[in-house]
Amino acid sequence: MPGSFTTVTLGCKVNQYESEALAHRLVAEGWRRTDGPPVDLCLINTCTVTGRAAMQSRQAVRRAARQGARRILVTGCYAQVEPEALAAIDGVDLVVGHSEKHRIPSLVNDLEHRTGGGPAPLVVSPRSAAWSFDAICDAVVGGRTRPLLKIQDGCDAFCAYCIVPYARGRSRSMPGDDVLARVAALGAAGYHEVVLTGIHLGRYGRDLAPPATLAGLLRRIDTAGAIPRFRVSSIEPQEFDAALIGALTGSPRCCRHFHVPLQSGDDEILRRMGRPYTGSEVSDLVLTLTRAVPGAGVGLDVLVGFPGETEAAFERTYQLAAGLPLAYLHVFPFSPRSGTPAARMPDPVPDAVITRRCARLRGLGQRKRLDFCRQFVGQQFTFPVEGRRDPRSGLLKIVTDNYLPVLFEGPDALRETTVTVRIEAVGRGASLTGHLD
Ligand code: SF4
């Protein structure tokens with residue numbers, strides 16, 4: 001019998017999309033979505049990209065049990081890779097793997113008959129080359145100002161530190177016509193923007209028959225003109241060929257926001273990670289993007305403390321980032337993920353050293369962020385107002401195409417309408433404030 005439910009999502013944008021897709025289907029089956037406890041069903045979409053993410057996933061499950069969720073269903077990457085660890089946690093009723101996620105709306109009905117006691121049952125198939133692309137939900141999933149659209153899943157890269165290919169399987173893609181149809185549906189529903197997302201987005205289309213490319217897909221979306229803007233989530237450095245750079249920088253519909261997982265600026269560490277590019281290639285890429293698109297917000301991911309990262313190797317990463325016009329840095333401490341080659345590598349970096357290096361890089365990231373934001377003071381931006389007020393300040397918010405959140409005073413009636421805001425100031429923590437123009 002459907003009741004109330006909540007979703008808890010850890011990890012990447014693909015997980016966020018999948019939680020929204022599952023929530024959409026549960027609502028269609030009569031379930032009522034709520035923000036918090038108590039709930040009849042808590043759906044936890046886990047992550048296992050690092051040892052820390054797996055720990056946070058277990059903590060989320062225990063929290064839901066403490067908060068009295070009547071039923072707890074766990075899915076996602078950690079559920080796929082270590083289902084038994086989750087099934088053994090008190091309060092868990094069902095663990096569902098990636099290839100069975102689409103069955104969750106029917107599986108939750110069976111939970112009513114579970115009497116408890118002992119580990120939760122598993123509905124988890126071993127990872128298989130036969131897994132096909134699964135959007136999980138046929139309808140377009142909206143409900144936010146910038147809806148996500150998963151167009152690619154899985155990864156064939158097997159970087160030394162990453163468990164994701166073991167969890168999500170080989171790279172596979174949504175056919176181009178389906179992408180176009182979903183983007184058109186989002187545009188027809190009044191959305192101004194779509195965020196195209198995937199696990200290894202730059203591999204989009206290589207599995208399709210005939211093969212397609214992300215560059216080709218973006219050009220089709222641009223030409224169709226069904227939605228005012230599109231944004232792409234993270235793209236691996238080696239995937240930026242001339243065609244993709246052209247498609248990203250040549251379309252007025254493409255948001256000026258590019259996220260590149262650098263991970264290290266040291267070529268030897270990159271080689272040990274199994275990342276097929278050099279630090280200077282990423283430098284060149286960032287400069288190419290920022291020169292081609294004035295005001296572009298380019299952000300980098302950096303993984304700090306990979307085994308063998310010497311002080312000199314870290315310094316190369318630091319100096320590379322310091323020399324680039326970046327909008328932000330996302331800094332992640334390396335934590336060994338069991339089941340990956342990196343977990344067995346020699347020369348681990350002590351935790352205290354990782355913490356110190358992360359702090360230094362985050363300090364650099366904050367300075368880069370301030371410098372980036374300051375150049376837009378006095379400029380006007382016309383964008384839709386977010387549906388919710390900023391929880392801390394109570395102010396209305398727009399998010400620009402180059403990913404600047406700008407807070408401003410205004411009445412509730414402006415929510416989800418398009419307004420023009422002039423940026424006035426950059427405050428602490430690089431928060432931008434402005435006024436209606
Ligand atoms: S590209 Fe590397 S880091 Fe990214 S999901 Fe694939 S294996 Fe993991």
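Visitor: What makes G429 stand out in the hairpin of β18 and β19?

Guide: Its phi is positive, near 70°. G429 belongs to a hairpin with five residues between its strands. Note that this is a predicted model.

Visitor: How do you know that β18 pairs with β19?

Guide: Pairing requires at least two bridges. Strand β18 (residues 418-426) and β19 are joined by five bridges, so they count as paired. The two strands run antiparallel, and I423 stands opposite G434 in β19.

Visitor: Why do β17 and β19 count as paired?

Guide: Two bridges join strand β17 (residues 405-408) to strand β19 (residues 432-436). The cut-off is at least two bridges, therefore this pair qualifies. Here the strands run parallel, with L407 opposite T433 in β19.

Visitor: Why is Y403 called partly exposed?

Guide: A residue is buried with 20 or more other C-beta atoms within 10 Å, and exposed with 12 or fewer. Y403 has 19 such neighbours, which falls between those limits, so Y403 counts as partly exposed.

Visitor: What makes F158 partly exposed?

Guide: F158 has 13 other C-beta atoms within 10 Å. Exposed means 12 or fewer and buried means 20 or more, so F158 is placed in between. F158 lies in the loop between β8 (152-153) and α6 (164-168). Its phi is positive too, near 50°, in a residue other than glycine.

Visitor: Which residues are around the ligand?

Guide: They are C155, A157, F158, C159, C162, V164, P165, I199, H200 and E236. By class, this shell has eight nonpolar residues, one polar and one charged.

Visitor: How do you know which of them is the charged one?

Guide: Asp, Glu, Lys and Arg count as charged. E236 is a Glu, so E236 is the charged residue of the shell.

Visitor: Why is D347 called exposed?

Guide: D347 has 10 C-beta neighbours inside 10 Å. The limit for exposed is 12 or fewer, so D347 meets it. D347 is in the loop between β14 (328-333) and α13.

Visitor: What does D347 touch, leaving aside its neighbours within four places in sequence?

Guide: D347 is in contact with P307 and G308.

Visitor: Why does R362 count as partly exposed?

Guide: R362 has 15 C-beta neighbours inside 10 Å. That value lies between the limits of 12 and 20, so R362 is partly exposed. R362 lies in helix α13. In space R362 and L329 are 7.1 Å apart, C-alpha to C-alpha, and in sequence they are 33 residues apart.

Visitor: What else does helix α13 do in the picture, where domain 2 touches domain 3?

Guide: Between these domains, 13 residues of domain 2 are in contact with eight residues of domain 3. Helix α13 (residues 351-374) gives the largest share of the domain 2 side, four residues. That side has five nonpolar, four polar and four charged residues.

Visitor: Why is strand β12 described as largely enclosed?

Guide: Six of its seven residues (257-263) are buried, so the rest of the structure largely encloses β12. Buried here requires 20 or more other C-beta atoms within 10 Å. Six bridges join β12 to strand β13 (residues 297-304), and the two run parallel. V260 stands opposite L300 in β13.

Visitor: Which residues have the most contacts inside the largest nonpolar core?

Guide: They are I72, L73, V74, V95, V194, V302 and V406, in a core of 127 residues. Helix α1 (residues 13-28) gives the largest share of this core, six residues. Not counting residues up to four places away in sequence, V194 touches P147, L149, V183, L186, I227 and F230.

Visitor: What kind of peptide bond joins A209 and P210?

Guide: A cis bond, with omega about -5°. P210 is found in the loop between β10 (193-197) and α8 (214-224).

Methods. Residues are numbered from 1 along each chain as its sequence is written. This is a predicted model: local features need pLDDT of at least 70, side-chain atom pairs count only at pLDDT 80 or more; totals for chains, interfaces and linings use all residues. Two residues are in contact if their C-beta atoms, placed from the backbone, lie within 7 Å. A residue is near a molecule or strand if its C-beta atom, placed from the backbone, lies within 6 Å of it. A nonpolar core is a set of buried Ala, Val, Leu, Ile, Met, Phe, Trp, Tyr and Cys residues joined through C-beta atoms within 7 Å.
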